[in-house]
Amino acid sequence: MSGILAILEHRNEQGDAKLHKIALEALAAAQQFGEELNLPVFAAVVGKDAGGSLEGYQLDKVHVIEHALLKDYTPDGYTLALKQLIERHQPAYVILPHTYQVRDFAPKLAASLGRVLVSDGIAHRIDNGELVVVRQLFQGKINADVRFEGPSPHFLSIQAGAFRAENLKPGTAPVETFTPDLAPAQVRTKPLELFRESARAVDLTAADIIVSVGRGIKDADNIAIVQKLADALGAELAASRPICDNGWLPMERQVGSSGQTVAPKLYIAIGISGAIQHLVGMKGSKTIVAINKDPEAPIFEVADYGIVGDLFQVVPAIVEAL
Ligand SMILES: Cc1cc2nc3c(=O)[nH]c(=O)nc-3n(C[C@H](O)[C@H](O)[C@H](O)COP(=O)(O)OP(=O)(O)OC[C@H]3O[C@@H](n4cnc5c(N)ncnc54)[C@H](O)[C@@H]3O)c2cc1C
């Protein structure tokens, strides 16, 4: 194969296999790398139901990995199966979405082939025909360029929002089934029921527009002011950590290093200073608008549009204009 292999996670909901949103972003990254490095691009999914969801993309082949022991996710099962596929096809690069599942098995998979995993890549460039990856250190304080050394395959996981699924190239992809050699004794864990978040849980990563509120709002009762803006824009409401710590909004709406990483088309930060722990969770957004009364607030460093002003005047005025 000697190309790029994207290993894609999906959720199987009532027999309907749905690719994870970040998996589509990882696929977009793989397609882009393929174009820039002039390499063919392949995808792999585990489970027979998932192949169909990939047929509509421009890919050289989709490998559908099937085995009775892979019905439920286990790190042993996935590692052994993917290792066999990789050994057979020898890709130059293996690209994965940086999901919780990938964090669980991908270091083990890379190590089982004597390689390392470069995790959570946020950007790339091509240097002398080689992929150079940018990843963050120290909670996003430093961006480091990482170069792969030694023999391929090189393993890379992609941060949510670093690449955009809307850049995916449509096309056709032949689907091929791969049946790995697996014995029950090799799978040492027994999966129980999947953890499900409560029905009310919001998926901020799926929102196109996010209106996010910080400590500048001063009081829980004032949240209604930004809620009106979110409603007028059809946006999800999110917050910085102090807002969630105070219980003014639920934890699931927190953006940042200890909350969610989001990359909507539009992120409006209201009364948020722009601490590094907040920025790492939202700086991949396509367009950032900041409203803050302090012209020196660090949020303006990442903002595409900045409004220096009192949110209690600015936000109602925008709502009225909308
Ligand atoms: C380990 C660790 C993990 C963390 N994880 C996260 C995380 O996931 N997410 C997160 O957000 N933070 C996180 N933090 C906290 C982070 O360091 C900041 O303390 C936090 O982001 C600050 O929130 P804020 O911007 O809402 O508040 P502040 O920093 O207090 O900023 C409030 C802003 O509102 C502006 N303002 C005030 N009044 C008005 C007004 N009337 N009109 C307009 N603007 C106004 C002020 O100028 C100021 O810039 C973490 C910290 C640590 C140590």
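## Close-up views of the predicted model

**Figure 1. Helix H4 (residues 223-233) lies across strands E12, E13 and E14 (266-270), running at about 175 degrees to E12.** Helix H8 (residues 311-321) packs on the sheet, where it touches E14, strand E15 (287-292) and E16, and its direction makes about 135 degrees with that of E15. Contact requires heavy atoms within 4.5 Å; helices (H or I, at least four residues) and strands (E, at least two) are DSSP runs numbered from the N terminus. Axes are lines fitted to C-alpha atoms, for helices over the stretch in contact, with angles from 0 to 180 degrees between N-to-C directions. The model is predicted, so that local features need pLDDT of at least 70 and side-chain atom pairs pLDDT 80 or more, whereas totals for chains, interfaces and linings use all residues. Residues are numbered from 1 along each chain as its sequence is written, and side-chain values use heavy atoms, with hydrogens and water left out.

**Figure 2. The open parallel sheet has five strands, in the order E13-E12-E14-E15-E16.** Its edges are strand E13 (236-239) and strand E16 (305-308), each of which pairs on one side only. From one strand to the next the twist averages 20 degrees. Strand E12 (residues 209-213) runs parallel to E13 and is joined to E13 by four bridges; pairing requires at least two DSSP bridges. Valine 213 has alanine 239 of E13 as its bridge partner.

**Figure 3. The second largest pocket has a lining of 27 residues.** Arg215, Ser240, Gly271, Ile272 and Ser273 are the lining residues that lie nearest the centre of this pocket. Helix H5 (241-245), helix H6 (276-279), E15 and H8 are the elements that each give two or more residues to the lining. By class, the lining comprises eight nonpolar, 13 polar and six charged residues (nonpolar: Ala, Val, Leu, Ile, Met, Phe, Trp, Tyr, Cys and Pro; charged: Asp, Glu, Lys and Arg; polar: the others, Gly among them). A pocket is an open set of points on a 1 Å grid over the protein atoms alone, where a 1.4 Å probe fits, with protein on both sides within 12 Å along at least five of seven lines; lining residues have an atom within 4 Å of a point.

**Figure 4. Strand E7 (residues 117-127) runs parallel to strand E10 (residues 154-158) and antiparallel to E8.** Three bridges join E7 to E10, and six join E7 to E8. On the E10 side, valine 118 has leucine 156 as its bridge partner, and glycine 121 stands opposite isoleucine 158. On the E8 side, isoleucine 126 stands opposite leucine 131. The hairpin of E7 and E8 has two residues between the strands, and asparagine 128 there takes a positive phi near 55 degrees.

**Figure 5. The whole chain contains eight helices and 16 strands.** Along its principal axes, the C-alpha trace spans about 65 × 45 × 35 Å.
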